[in-house]
Amino acid sequence: MNAIEVRDLRRVFRATIGTIRRRTKEVVAVDGISFDVRDGELFGLLGPNGAGKTTTVKMLTTLLIPTGGTATILGHDVVQGAGSIRPRIGFIFGGERGLYWRLSAKDNLRYFADLYHMDPDIAKRRLPELLELVGLTGREDEKVEGYSRGMRQRLHVARCLLHDPQVLFLDEPTMGLDPVGARELRQVIQNMVSQDKTVFLTTHYMFEADALCERVAVINHGQIVALDSPEGLKGHVEDLSVIEVEVFGIAPAMVDALRQMADVDTVSVEDRDQKQSLRIHSPLGSAIVPQIMQRLDGNGARVGRVTVREPTLEDAYVRLVGGEV
Amino acid sequence: MKQLSNSVRIFLGGAVLSYKALFRWFRLEPYLATKIIAPLNQILFFTLLGSFATGPDTASFYAIGNAIQLTAMSGIYGVTMSIGGERNEGTLIYLFGSPANRLLTFLGRALVHIVDGMLGVIIGLTWTGLLLGIDYSQANLSALGLTIFITTVSTSGLGLLMGCLSLVTVNVMFINNTIYFLLLVFSGANVPLAKFPVWVQQAAHLLPLTRGIQAARLIISGSTFVDVAPLLAGEALIGVVYVFVGYILFSWFEITAKRRGTLEAY
Amino acid sequence: MIANLRVIRTTFELDLKQQAVDLFMIFGVVIQPLLIAIMAIYMLSERDASRGIYVVVGSGMTGLWTSLLFRGAFNINAERFMGTLEGIVASPSALATVVIGKTLASVTLSLLSMIFSYGLASLVFRLPLSVAQPVPFLLSLLVMVPTFIAFGLLISPLMAVNLSLSGWVNALEYPMYILGGFLFPILLLPGWSNPLSYVLAPYWAARVLHATSSGVATPADVLLSWAMMLLLGILYIAASYRLFKVVLRRARVDATLSLM
């Protein structure tokens, strides 16, 4: 049984620009995507910022109506059957907002319990259980405005689980959390799946998708460019080795020149404080290192450490999104 | 000489900044709503209420009273915000750390609101002429203009003082709203001062606007400049006192904050 | 059904909590009406003796309207800015039920302003404050509550649909005091404005409250006012029903109204 079925889903945004001469601009945020998510699966949607992840989630959670295509959640259409879907799903959108800052955590949860038409007796029982689950017991009477980022995110988790939904949508849930908080949250997510809930997770952290998801769809520019298990996705880059070069201050023109080289598949650059980390994919592996060094030295770039390694899911992802991480 | 040009620069700089801040969000609709329609509505309401209370022939009493009182919209809201707003933005701390002459910075900010305030009053008086048929033919217009100017400045003086107070309280808007309405009640805009108990009348004369409104009413019904000169002098004096006290308070806050190390509170 | 009532009740409680400590609301619901009452008491001192209750009712109405207007304009918009509107729209509860709860909180709090004015008039000014026809008066207050809720239900989506309209709230305060005949009869207004008054429920509320408190109301008057309030209430609800649909369509279909 599929919890989520998506067929050719499309969402176009029309914006009018200018006050005197008005032009309409059309942005295709989601461009005909299709996939299924099985009951009880932990499914990941991975992609860079602006790829269409959040728009997809909004359509699946009945906040946006698709411009084209169809989607069903638990057999109900997201447009026609929104009323049947809403009590059965829960969602978190990453970020600070979505809670009432002037109210306490307990009042926030009470409110959402009522919004979700929960039986008051059940709500009364579940509230302390959930506070316990997310580690907020003892602080539930404090106003949310005094909470740290991590605590707010945990309250979001409690909120979305309150009415015991069958399908959960988590949109970049660990964004902005410290590593400890993020790890704890991932643990909670795994627990959800062990309770037979279906979890649809969006993220742009590759290692997160790798660690948590059974299957991952990679999305870029509104289209799905790959859909497979993390292992399967790594297969996309089996033929490639990854050469990681530490450089200090490299010009974009130099990076482009590297990209033009024969036998270089993709080059991505990651900024880390004073230095940059170049990640070069090439089927030649260590054999291509001398050529790369020649290019870099010849142009006066200062080079640090060089390593050659096997590709990870992250590399598969980089390749799939064409290096534009 | 350099001192003078520096001073002018600080003064005008503050004025330009204030102007930009005021009009950063300039859009026709909110301006129309707040500066032209809302004041008219206030005049209409109280003039109608006044006509109901004391007869239609007394309409001009209320119309003029409210039109002049409108200067408090800029003098209080505008000026108080220009100081309290600095605090909200967190930029006050930079002002405190600068060598700029405080008084000039202070006054420069008020300049824009003074112009804005006078404009508001003139718009208000125009409405009374157009819609309520108030007769301005007897009025010495330059005396009226001077009255508007002095009253606006003195009200802004109160605004500067309120602005300083808003540095230590939480809710600037609450102060603004309350002062604005207290002025409306006790300045004689709607209630002839003679109706209040004596001690209230005395307190009312410590406020700006009280003498200014009286003067305006006299001028419009034909009094000469000489007749109202004492009132205008009194109004001007009140304004100076408020600016002075406000400035002292402002400096005191700065010194205290620096001494106690509580600048971050600002 | 019961679940919806629970939503209304919880929203009511929580919004009441928040409004009661909101200085802006305290000004609009307590201080401003009191200051208006003071002015009116002095200004009307040469008119008849029942002005005590007249001013109490009138200034109370101003507090009610100010609260309905300012709060109503931000019921939906505030949720939007806080990022909580999505949570409501995606829930099984209708947006309208949340707005009803909030409006009920506003109306309840602003009835307070009538109580404060009453205290002012009796304790400070020692004015005679008897309500001549207490039963019709109280019943009129009861009829007024759902009518004002219906009005609030209209204002919120209207201001949400057109955000720039909410910039006009400052300009809409006094006109209602004027057209509603809160502190002076609409006889003073030009005849062409009367139809405007007649389609405003607050006018009928003020009319019947003034009439019953000063003792001049006939049964026909009272029933007419109640009938108009209820009729207008129904019209407001019908209009707001359409407006809520527009709000949701713009949010979900056109995506021109960001839920965030």
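**Exercise 1. Find what share of the contacts in chain A, counted at a separation of 6 or more, comes from residues 24 or more positions apart.**

Step 1: Two residues are in contact if their C-beta atoms, placed from the backbone, lie within 7 Å. Step 2: Among the contacts in chain A with a separation of 6 or more, 72% join residues 24 or more positions apart.

A word on the model before we go on: it is predicted, so local features need pLDDT of at least 70 and side-chain atom pairs pLDDT 80 or more, while totals for chains, interfaces and linings use all residues. Residues are numbered from 1 along each chain as its sequence is written, and chains are lettered from A and ligands numbered from 1 in the order in which they are written.

**Exercise 2. Describe the open four-stranded sheet of chain A.**

Step 1: Chain A holds eleven helices and 14 strands (DSSP runs numbered from the N terminus: H or I of at least four residues for helices, E of at least two for strands). Step 2: The strand order is β12-β13-β11-β14 (chain A), paired antiparallel; two strands pair if DSSP finds at least two bridges between them. Step 3: β12 (266-272) and β14 (302-309) of chain A are the edges, each pairing on one side only. Step 4: Look at one pair: β12(A) and β13 (residues 275-282) of chain A run antiparallel over seven bridges. A:D271 stands opposite A:Q276 in β13(A).

**Exercise 3. Characterise the fold of chain C from its secondary structure and its radius of gyration.**

Step 1: The secondary structure of chain C comes to ten helices and zero strands. Step 2: The radius of gyration (taken over C-alpha atoms) of chain C is 19 Å, close to the 18 Å from the globule rule for 260 residues, so chain C is as compact as a globular protein of that length. That rule is 2.2 Å times the number of residues to the power 0.38. Step 3: Buried residues, with 20 or more other C-beta atoms within 10 Å of their own, C-beta atoms being placed from the backbone, make up 56% of chain C.

**Exercise 4. Work out what chain C brings to its contact with chain B.**

Step 1: Chain C gives 27 residues and chain B gives 27 residues. Step 2: On the side of chain C, α2 (23-43) and α7 (169-179) are the elements that give two or more residues. Step 3: The largest share, eleven residues, comes from α2(C). Step 4: This side of chain C divides into 20 nonpolar, five polar and two charged residues. Ala, Val, Leu, Ile, Met, Phe, Trp, Tyr, Cys and Pro count as nonpolar, Asp, Glu, Lys and Arg as charged, and the others, Gly among them, as polar.

Notes: Buried ≥ 20, exposed ≤ 12 C-beta atoms within 10 Å, placed from the backbone.
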